[in-house]
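Hi,

Here is the structure I promised to pass on. Have a look at it first, and then read on for what I found in it.

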Amino acid sequence: MLDLTYDTPKPKVIAGAKHDWELVIGMEVHAQVASQAKLFSGASTKFGAEPNSNVSFVDAAMPGMLPVINEYCIEQAVRTGLGLKAEINLTSAFDRKNYFYPDLPQGYQISQLYHPLVGEGEIIVDMEPGIARKVRIERIHVEQDAGKSIHDMDPHMSFVDLNRTGVALMEIVSRPDIRGPEEAAAYIAKLRQILRYLGTCDGNMQNGNLRADVNVSICRPGQYEKYMETQDFSHLGTRCEIKNMNSMRFIQMAIEYEARRQIQIVEGGGKVDQETRLYDPDKNETRSMRSKEEAHDYRYFPCPDLLPLEIEQAWVDDIAASLPELPDEKKARFVKDFGLSEYDANVLTAEVVNAAYFEQVVTQADDGKLSANWVINELFGRLKKDDCDITDSPVSPAQLAGIIKLIKADTISGKMAKDLFEIVYTEGGNPEEIAEARGMKQVTDTGAIETAVDEIIAANPAQVEKAKQNPKLAGWFVGQVMKATGGKANPKAVNDIVAAKLGL
Amino acid sequence: MMSDLTKLKISEARDALRKGDVTSVELTEACLDAIAGAKALNAFVHDTPEIAREMAKAADARIKAGDAPSLCGIPLGIKDLFCTKGVASQAASNILGGFKPEYESTVTTQMFNDGAVMLGKLNMDEFAMGSSNETSAYGNAVNPWRRGNDDAALTPGGSSGGSAAAVAADLCLGATGTDTGGSIRQPAAFTGITGIKPTYGRCSRWGIIAFASSLDQAGPMTKDVRDAAIMLQSMCGHDPKDSTSADLVVPDFEAMLTGDIRGKTIGIPKEYHMDGMPEEIEALWAEGRKMLQDAGAKIVDISLPHTKYALPAYYVIAPAEASSNLARYDGVRYGHRAKLGQGDGITEMYEKTRAEGFGPEVQRRIMIGTYVLSAGFYDAYYNRARKVRTLIKKDFEDVFAAGVDAILTPATPSAAFGLGEMKDADPVKMYLNDVFTVTVNLAGLPGIAIPTGLDKQGLPLGLQLIGRPWEEGDLLNTAYALEQSAGFVSKPAKWW
Amino acid sequence: MSIDKETAAKVAKLARIKVEDDALPALAQEFNDILGFIEQLNEVDVDGVEPMVSVTPMRLKRRTDGVTDGNMQDKVLKNAPDAREGFFAVPKVVE
């Protein structure tokens, strides 16, 4: 369990012409379930295939075709629910959401309106060390994705590709607990992180595998607290839904724009219409979606091709038992067990692969802070330069731990360690052997240093005299010794010996 | 000789094939000839003689090799609602004009795997919506039966009207039907043949063009009960591609036909005595009751109190499901697409395509279904209908729990009526045809119609037996006993 | 409950079926006939009755996660009224 305590962030306040306004934001995130095959057909979910090649007759809604559920998709959604500390409904059911669109071949989407698989949960959204927002999850339901319509290939026609049709989605619906654009982005980031830890969604926003509908409303300060007390939405403003956002940056910009738009309307004496809007990143504005279905009437009803989905508690328990350690727990453990700052722990646990790498380093190097510094600053910095991520790292955790151990044992200097890291990074090899073979080890043998100091003193009587008058010039001798030893001498030992020999 | 071959029952043909008295090729050719000579019935709407001959040859080889299931070499007709690979399958609708599926329905796959021969596709009401085969895009199918010497064309019933006409006129040895509210049993009764709708979930719905998913079931339409048992055997079974298909063992139905129903309890539901029902049907029903009693069954009067509400519930549930099931016919991926005018966009394409492609009855039901599901009406109509459905099912559960093995009712409220006779009636009048059959679909039960007599005008009349869920074998045996007693052997006089 | 011309037009629109204006009154009348018939359901006492979920209750069968289908662009497009370059083509959809 998380034992890091946190304070609640202040809501974003926007000053209108007349009043201050607060933002209230709820999110509906569509996360593509990581699975081989689609929710109700055996076609592949692979991205980027030839158009209409990952399509079965079921996906194309050929006459007489019927859905059969992919159990793994359900397992993934249950896993996600457990990861969000949510209740799992042992009985859920699928409903049809009816509307016409060329990339919706059935003329309906199979979804879960009345009885979702997952009920209430929560996400702790970290803002900065010690500050986090608890966002309540209302529900998660499982549904089919639609296909893709391409509008720019021909001036008069739209082209339809059904590869994506029927891929399983989890719709993760939050309560309106998010209080600003930055929190919204942080919410997505945290949710994405948890999904990736769980392995239930790859979180690839660019491919649309994680996208959000953002509900934005504004209220006067104090109103939100009234809502929280009563759960009565009438304390809040009318919300607008900004559809289909797949960039954290745009999400923030869209919220900011939308809030200001609503403030302007309300302060001008108008009323915000509850509607669906689209964000245009080129113009940085939201606009009303020409209600393509005047008064959306989806005519939901239970899908008669499927029976209710009954799952067993024992199965849920098995999934729960196999859950990985999640970001909050991992972060707390890193702080506690390795003495990391919350900031460093945050960075290291952002991606589960990074955290795993770090843990391998730290268990071998046995120094939390040093390991964190080296992983975050040297390794991540170097990888970034090459545009690589940790899975491509040419330096293994054992190699990095080897370098850190050499530093810890004072065998190499910090500067030398950086050179050694670069060699290991580009050429590979055992750090200790390289340090040895290339003479990178620090000389801590005082006899050898003394000899070198004696030689330089003997060769430079004039400098000795000057130094005796001005002890600051001792540094020159230190430099000479370091030069003579090829930089391998332990600088502290050199300093001490030079001072003693010069009688300073 | 050749023309007599088509009069064979499946069981007789099977035995003759096995003995080597006849070949499947001979049987098939005889049927193809009969079909060619019966265009006036408009029963077969897509003939597949090449496929039939190929299949017959293969069946003959198989029979010769000694590996022959009962259906091997038997020429059958297939309702147009079944998707048959590479063969037009358009649910008698213009909206599926030109559609040739790249797949084969599970039910036909199973029958073809058993060696059955497909003669062609059979006429039906468009999307199985109708009780007279008058909503078909192919035009009416015609009943081979006529009223005495009157040559007015009669309906073979619907929606499986083509199947019924083809079997009654000996164009094929048996045919597939589907039944959503009575579409196997009502046409069977109108044409003097046998038709069984099995328990919901017995036959896979995969590859059968959907009308109302929670009600649709396939079943055989045959010349007698034994043939129904043989054909049903092949059609049934669990299909992992249909989530509502039952994973249950299918018993040997034919072996269960002993004719011994001593000790069975047959219920007679008082609510099936309808006002204005013809005297002849009341009499037929009473005779049936007596026959079963004479055969050793115990007859009890029972009550199914919610019977009256079955039709209205059906006319909420079936159109609601249909409105959604038929949304896929949008002109995008297959079938008809309307020619568009200047400036027409996607919405115009949908609206014109669907207005041109669907006939009036289908349009009407789609719109009713759309209305009852629309915002504000869902609870008042759809949910209420589902609750009534629960009550209707419970009516049956109660009588079965009280020891009733099967229920005897009339199959239809009248004999076959004339084509066009109901043209000006309001739609509800036509819906009343299903009044005795629709309860069975709502409760998911097996029901069978068998011919037991003729009316004064010489038209066949049928009775319906309703069985316990999954007990088709027992139901068939009761029907077999009734069939033995009734001894119905009449055939329509050939006029076509 | 009486359905007027406007409601009939709205339903037709929702069902994406073009109905000419002059056909609307007759359509509305048919709806009224059918709905009048359906209204009988209001006589039934359904208090405490669960709506039917599945007529033959059983456990929903599941598939395991494996790619067993697809890879048949030609068959998927074969019946299409207008297919181009591997896509289904439709009149331009304006967002």
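In chain A, strand β5 (residues 95–98) is joined to β6(A) by four bridges, and the two run antiparallel. Helices and strands here are DSSP runs, numbered from the N terminus, with at least four residues (H or I) for a helix and at least two (E) for a strand. Two strands count as paired if DSSP finds at least two bridges between them. Within this pair, A:Asp95 sits opposite A:Ser111 of β6(A). The sheet is an open one of three strands, in the order β6-β5-β16 (chain A), with antiparallel pairing. β6 (108–111) and β16 (301–302) of chain A are at the edges with a single partner strand each, so one side of each has no neighbour in the sheet.

Before going further, some housekeeping. This is a predicted model, in which local features need pLDDT of at least 70 and side-chain atom pairs count only at pLDDT 80 or more, while totals for chains, interfaces and linings use all residues. Residues are numbered from 1 along each chain as its sequence is written, and chains are lettered from A and ligands numbered from 1 in the order in which they are written.

Chain A as a whole

The secondary structure of chain A consists of 16 helices and 17 strands. Its radius of gyration is 31 Å, whereas a compact globule of 504 residues would have one near 23 Å (taken over C-alpha atoms; the globule rule is 2.2 Å times the number of residues to the power 0.38). The C-alpha trace of chain A spans about 100 × 60 × 55 Å along its principal axes. Chain A is divided into domain 1 (13–291), domain 2 (325–437) and domain 3 (446–502), with bounds that come from an automatic or database domain assignment. Between the C-alpha centres of domain 1 and domain 3 of chain A there are 68 Å.

Of the 504 residues of chain A, 46% are buried (20 or more other C-beta atoms within 10 Å of a residue's own; 12 or fewer is exposed, in between is partly exposed, and C-beta atoms are placed from the backbone). As for contacts (C-beta atoms, placed from the backbone, within 7 Å), 71% of those in chain A between residues at least 6 apart in sequence join residues at least 24 apart.

Strand β8 of chain A

Strand β8 (residues 131–144) of chain A is mostly covered, with ten of its 14 residues buried. It pairs with β7 (residues 121–128) of chain A in the antiparallel sense over seven bridges, and there A:Asp126 has A:Ala132 as its bridge partner in β8(A). The hairpin of β7(A) and β8(A) has two residues between the strands, and A:Gly130 takes a positive phi near 85 degrees in it. β8(A) also pairs with strand β11 (residues 168–174) of chain A, again antiparallel and over seven bridges. In that pair, A:Gln144 has A:Ala168 in β11(A) as its bridge partner.

Chain B and its neighbours

Chain B is divided into domain 1 (2–194 + 202–250) and domain 2 (308–384). Their centres, taken over C-alpha atoms, are separated by 28 Å. The contact between them takes 21 residues from domain 1 of chain B and 18 residues from domain 2 of chain B.

In helix α6 (residues 161–168) of chain B, eight of its eight residues are buried. The elements that cover the buried residues of α6(B) include β1 (44–47), β3 (117–122) and α7 (185–191) of chain B. Just after α6(B), B:Asp170 takes a positive phi of about 60 degrees.

Towards chain C, 58 residues of chain B are in contact with 37 residues of chain C. On that side of chain B, α13(B) gives the largest share, eleven residues. By class, the side of chain B that touches chain C has 29 nonpolar, 14 polar and 15 charged residues (Ala, Val, Leu, Ile, Met, Phe, Trp, Tyr, Cys and Pro are nonpolar, Asp, Glu, Lys and Arg charged, and the others, Gly among them, polar).

Towards chain A, 34 residues of chain B are in contact with 25 residues of chain A. Here the largest share of the chain B side, three residues, comes from α10(B). That side has 18 nonpolar, nine polar and seven charged residues.

Happy exploring, and best wishes

Note on methods. Two residues are in contact if their C-beta atoms, placed from the backbone, lie within 7 Å.
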